[in-house]
Amino acid sequence: MTAFVTFIKTYAVWIYLLSGVGILIVAKMLFDARRLARTTFFSLDQERAGEQYYRGIALLLFLILMVCSVTAINVFVAPAIPSPESPVVRVATPTFVVTFPAIPSVLPTNTLVAKVTDAAVPNTPSIAIPAVTRTPTKPPAPP
């Protein structure tokens, strides 16, 4: 029931527009049937015109009934039904931080250890990155 009422609330404008177009088409059907009934001489054509006329009247009554029922649902039934809420409570998703332990490595004697710190992300463990530096040596003397 709730799904039907929300469907009617969502597409009420389109139902009204299609019903209006249908009423215009039915009006043309009725005028054509009336003209056919006036201009024919044979009884079979007059019976066919009468059938078209009654079919047009039935379709017109159906469209008017549909417009009235959509209006009644929007005015009386839709405000009485509570709005559907999501059964799933939406909360912030947790952010998982993967940290790897610093692996101690054997450093050569002529190396410096540079410490990398990230000021943009607080509470981030700093990791020691070994950096190899070369000491400048004198070029050999020419012979």
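Reader: Where is the place of Ser-19?

Author: Ser-19 has its place in helix α2. Please keep in mind that this is a predicted model.

Reader: Is Ser-19 buried or exposed, and why?

Author: Ser-19 counts as buried, because its relative accessibility is 0%, and the cut-off for buried is under 20%.

Reader: Which residues does Ser-19 touch, leaving aside those up to four places away in sequence?

Author: With those neighbours not counted, Ser-19 touches Leu-63, Met-66 and Val-67.

Reader: How do α2 and α3 pack, in terms of angle and distance?

Author: The axes of α2 and α3 are 9 Å apart, and the two helices pack at an angle of about 160°. That angle makes α2 roughly antiparallel to α3, since angles over 145 degrees count as roughly antiparallel.

Reader: And is the crossing of α2 and α3 left-handed or right-handed?

Author: The crossing of α2 and α3 is left-handed. In the contact of α2 with α3, the residues divide into 19 nonpolar, seven polar and two charged.

Reader: Let me step back. What does the secondary structure of the protein come to?

Author: The protein has three helices and two strands. Along the sequence, these elements follow the pattern α-α-α-β-β.

Reader: How much of the protein do buried residues make up?

Author: Of the 143 residues in the protein, 13% are buried.

Reader: Which residues meet in the contact of α1 with α3?

Author: On the α1 side they are Phe-4, Val-5, Ile-8 and Lys-9, and these meet Val-70, Ile-73, Asn-74 and Val-77 in α3. The residues of this contact divide into six nonpolar, one polar and one charged.

Reader: What about Phe-4: how does it count for accessibility, and why?

Author: Phe-4, which lies in helix α1, counts as partly exposed because its relative accessibility is 46%.

Reader: How far apart are the C-alpha atoms of Phe-4 and Ile-73?

Author: The C-alpha atoms of Phe-4 and Ile-73 are separated by 9.9 Å, while the two residues are 69 residues apart along the chain.

Reader: Which residues does Val-5 touch, again not counting those up to four places away in sequence?

Author: Val-5 touches Ile-73, Val-77, Ala-78 and Ile-81 on that basis.

Reader: Finally, which residues form the largest nonpolar core?

Author: The largest nonpolar core has seven residues, namely Val-5, Ile-8, Ala-12, Ile-15, Val-70, Ile-73 and Ala-78. Two or more residues of this core come from each of α1, α2 and α3, with α2 covering 12–39. As general background, nonpolar side chains tend to be buried together in soluble globular proteins.

Key: Residues numbered from 1 in each chain as written. Predicted model: local features only at pLDDT ≥ 70, side-chain atom pairs only at ≥ 80, totals over all residues. Heavy atoms only, no water. Contact = heavy atoms within 4.5 Å. Helix = DSSP H or I, 4+ residues; strand = E, 2+ residues; numbered from the N terminus. Nonpolar A, V, L, I, M, F, W, Y, C, P; charged D, E, K, R; others polar. Core = buried A, V, L, I, M, F, W, Y, C linked by side-chain atoms within 4.5 Å. Buried < 20%, exposed > 50% of the residue type's maximum accessible area, 1.4 Å probe, protein only. Axes fitted to C-alpha atoms, helices over the stretch in contact; angles between N-to-C directions. Parallel < 35°, antiparallel > 145°, perpendicular 65-115°, else oblique. Left-handed = near helix turned anticlockwise from the far one by under 90°.
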